[in-house]
Amino acid sequence: MRCVRCPRRARSDEPAVAGEPAFLRSIVAMFVVDRTQTIVAANRAAHGLLAVNDLSGQVITDFYPPESIAQARVSFQIQ
């Protein structure tokens with residue numbers, strides 16, 4: 001499975017992923033999501049956990065059980 005690398009910043013005021021080398025090499029599944037719950041970056045362990053080749057652009061709640069989606073929206077403060 002390929003690793004989705006952090007996208008290049010379109011603007012200089014956009015934050016990069018802190019500790020990017022550690023993020024990419026970690027054995028712990030990590031995701032970076034935006035305010036719409038869309039995955040913008042995921043490390044190799046995340047791909048292995050979900051058995052998906054490309055997580056970029058996926059909505060994180062697509063991988064939640066149906067009974068947990070409402071709570072996830074509250075956690076992300078999405079109405």
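Reader: Is Ala51 buried or exposed, and what relative accessibility does that reading rest on?

Author: The general idea is a scale of relative accessible area, on which buried means under 20%, exposed means over 50%, and partly exposed lies in between, using a 1.4 Å probe and protein chains only. Ala51 counts as exposed because its relative accessibility is 57%. Before we go on, please note that this is a predicted model, in which local features need pLDDT of at least 70 and side-chain atom pairs count only at pLDDT 80 or more, while totals for chains, interfaces and linings use all residues. Residues are numbered from 1 along each chain as its sequence is written, and side-chain values use heavy atoms, with hydrogens and water left out.

Reader: What is pLDDT, and what is the average for this chain?

Author: pLDDT is the predictor's confidence in each residue, on a scale from 0 to 100. The chain averages 77, and 73% of the residues score at least 70. Over residues 5–15, however, pLDDT stays under 50, and for this stretch the model has 10 contacts beyond four places in sequence, a contact being heavy atoms within 4.5 Å. Where pLDDT is low, the predicted coordinates should not be read in detail.

Reader: How many helices and strands are in the chain, and which pattern do they follow along the sequence?

Author: Helices (H or I, at least four residues) and strands (E, at least two) are DSSP runs, numbered from the N terminus. By that reading the chain has three helices and two strands, and along the sequence they come in the pattern α-β-β-α-α.

Reader: In which sense do β1 and β2 pair, and over how many bridges?

Author: Two strands pair if DSSP finds at least two bridges between them. Here β1 and β2 pair in the antiparallel sense, over three bridges, and Val32 has Ala41 in β2 as its bridge partner. The two strands form a hairpin with five residues between them.

Reader: Which residue in the turn of that hairpin has a positive phi?

Author: That residue is Gln37, with a positive phi of about 70 degrees, in a residue other than glycine. Gln37 lies in the loop between β1 (31–33) and β2 (39–42), and it counts as buried because its relative accessibility is 3%. Ala51, with which we began, also has a positive phi without being glycine, near 55 degrees, and Ala51 lies in the loop between α2 and α3.

Reader: Which residues does Gln58 touch, once its neighbours up to four places away in sequence are not counted?

Author: Gln58 touches Gln37, Thr38, Ile39 and Phe63 on that count. The place of Gln58 is in the loop between α2 (44–50) and α3 (69–75), and at 28% relative accessibility Gln58 counts as partly exposed. Although Gln58 and Gln37 are 21 residues apart along the chain, their C-alpha atoms are separated by 8.5 Å.

Reader: Where does Thr61 lie, and which residues is Thr61 in contact with beyond four places in sequence?

Author: Thr61 lies in the loop between α2 and α3, and its contacts, leaving aside neighbours within four places, are with Gln37, Ile69 and Ala72. Thr61 counts as buried, because its relative accessibility is 7%. Asp62 is found in the loop between α2 and α3 but is exposed, with a relative accessible area of 52%. The C-alpha atoms of Asp62 and Gln37 are 9.7 Å apart in space, with 25 residues of separation in sequence.

Reader: Where are Arg25 and Leu49 placed in the chain?

Author: Arg25 lies in helix α1 (residues 20–25), and Leu49 has its place in helix α2. Arg25 counts as exposed at 66% relative accessibility, and Leu49 is exposed with a relative accessible area of 59%. From C-alpha to C-alpha, Arg25 and Arg44 are 7.5 Å apart in space and 19 residues apart in sequence, while Leu49 and Met30, 19 residues apart along the chain, have C-alpha atoms separated by 9.9 Å.
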